[in-house]
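Work through these exercises with the model open. Try each task before you read its solution.

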Amino acid sequence: MATQKLVPSMVVDLLLQNGISELRLFQPSFHVLDAFADTNIGLIVTLQENYLKNVFEQKQMDDYIHERVKVYSEKGVKFRYVYVGNEPFTKSLYMKKQFNGTIRFLNMTRVALDKFNLPDIKATTPHFTDVLTNVSKPSEGDFREDIKGKMLGFLDSINKTGAPFIIHMFPIYTVYRYGFDVDFAFFDNKSKFKIVDGNNTYTNLFTFIYDTLVSALAKAGYGDMEIVVGQIGWPTDGYVSASEQNAERFHRGLLKYIAKKEGTPLRPNRDIDMYLLGLTDENMVVTDYGPYQRHWGIYKHDGVPKYKIDFTLQDRDVKPSIAKGTVRMPNRWCVFDGKTDHNETLVLQDYDFACEKSDCTAFGSGATCDHLSFTEKVSYAYNMLYQMGNQDMRKCKLLGAKMTTNNPSTPDCDFPIEILTAEVVDGGSGLTKKY
């Protein structure tokens, strides 16, 4: 969900350089799948709701699984899971209603995978932490009453096939929603806040959420069901406490914790599988939880890492490899000239238009660019529209807009230069099509 994308082969090279063994694809386009043939990188592909709502017969699912999974399995692509839908029971505002048919589509997917003799590829559906009730102790964990019936049906379905329960965690969101000390979200024990639950003590948010889910599964009759953390990470902008420093701190503690394989109080001595969110920033993603959702990336859009993280789990003080082969656009920025004789109302209209059509999430409370002056904010908005439009001069025809080769960035706020987008590099194939 970004205007500038890395070429698929560059992403594969980046993963191999860093020893990253698995990746989730939200949009399994043919061009991307082709790049993963014979790489031994495990893939998760997602069947999105906008595809599923048009599936009425088993043959439609069979055809999709054949062309996107079976055919590519024979080409050497290593599939781990097929996600059927995405967070269907969330309370998120942008999802106007719960997605119906999850269990039916899940069963249809399993039938199709079995038809093509793909028993090792598991079909399941990821869920956000808001499927759980708000509790003060993990032992009180349960699924929300309004979805409990559907959730029990879902659990029965994946239990029969041995598929795991996939949970998505946004620690920065949860720690503020609960009103916890923000340091409780980290693993370095700087927080004085802790939760005592019987004989168990929780000193970080991850183990608190994980064991809340464990309790909910146990109450539903599935106390031994495998749990995989499908998304977890820390954003670098767009919110209070969202910064590169905190993202590095969070991941360093998280990966050290995972490497120890100590599990949680309710599931001790466990090796927990998890997927980090995410590889790069996404400047077009929906911001229903907050502006920070566009800033999950460990990498910037141009394939440059933002902070130190050791994917080998050895806690080395190193930045990961830089993406090779990206093409940076010319050092040109579109900015506001700041003249006072412009009609301020019309300037505000163009400013709002530029933000609506681009990405101004860096203006969020506590974000890197929220301190800018009015003139600087208008310049930032104009430039984002220009850059996200592949430096098309027509995007710089706003009131008071002018071109400059002088970098307008401030010490805290970066006015980015984008990279040549993958659609252009890849012959205009278009990698954003949804299925």
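**Exercise 1: a ring pair**

Phe187 counts as buried because its relative accessibility is 13%, where buried means under 20% relative accessible area, exposed over 50% and partly exposed in between (1.4 Å probe, protein chains only). This is a predicted model, in which local features need pLDDT of at least 70, side-chain atom pairs count only at pLDDT 80 or more, and totals for chains, interfaces and linings use all residues. Residues are numbered from 1 along each chain as its sequence is written, and side-chain values use heavy atoms, with hydrogens and water left out.

Task: Classify Phe206 as buried or exposed.

Solution: Take its relative accessibility, 4%. Phe206 therefore counts as buried.

Task: State how many aromatic pairs there are, and describe the pair of Tyr51 and Tyr64.

Solution. Step 1: apply the rule. Rings of Phe, Tyr and Trp (its six-membered ring) pair if their centres lie within 6.5 Å; planes under 30 degrees apart count as stacked, over 60 as edge-to-face and the rest as tilted. The count comes to 29 aromatic pairs.
Step 1: the ring centres of Tyr51 and Tyr64 are 4.4 Å apart and the planes stand at 35 degrees, so this pair is tilted.
Step 2: place the residues. Tyr51 sits in helix α3 (residues 49–52) and Tyr64 in helix α4, 13 residues apart. Both Tyr51 and Tyr64 are buried.
Step 3: turn to Phe187 and Phe206. They form a tilted pair, with 6.3 Å centre to centre and 45 degrees between the planes.

**Exercise 2: the sheet**

Task: Give the strand order of the open sheet of four strands, and follow the chain from β1 to β2.

Solution. Step 1: recall the terms. Helices (H or I, at least four residues) and strands (E, at least two) are DSSP runs, numbered from the N terminus. Two strands pair if DSSP finds at least two bridges between them.
Step 1: read the order. It is β1-β2-β3-β4, with parallel pairing. The edge strands β1 and β4 (122–124) each pair on one side only.
Step 2: look at one pairing. Strand β1 (residues 22–25) and strand β2 (residues 42–47) share four bridges in the parallel sense. Leu23 has Leu43 as its bridge partner in β2. Arg24 stands opposite Ile44 in β2.
Step 3: trace the link. From β1 the chain passes through helix α2 (residues 30–35) to β2, a right-handed β-α-β crossover. Right-handed means that, with the strands pointing away from the viewer, the path from the first strand over the helix to the second runs clockwise.

**Exercise 3: the disulfides**

Solution. Step 1: search the whole structure for cysteine sulfur atoms within 2.5 Å of each other.
Step 1: Cys334 and Cys396 have sulfur atoms 2.1 Å apart. Cys334 and Cys396 are both buried.
Step 2: Cys355 joins Cys360, S to S 2.1 Å.
Step 3: Cys369 and Cys413 have sulfur atoms 1.9 Å apart.
Step 4: count bonded cysteines along the chain. The pattern is 1-5, 2-3, 4-6.
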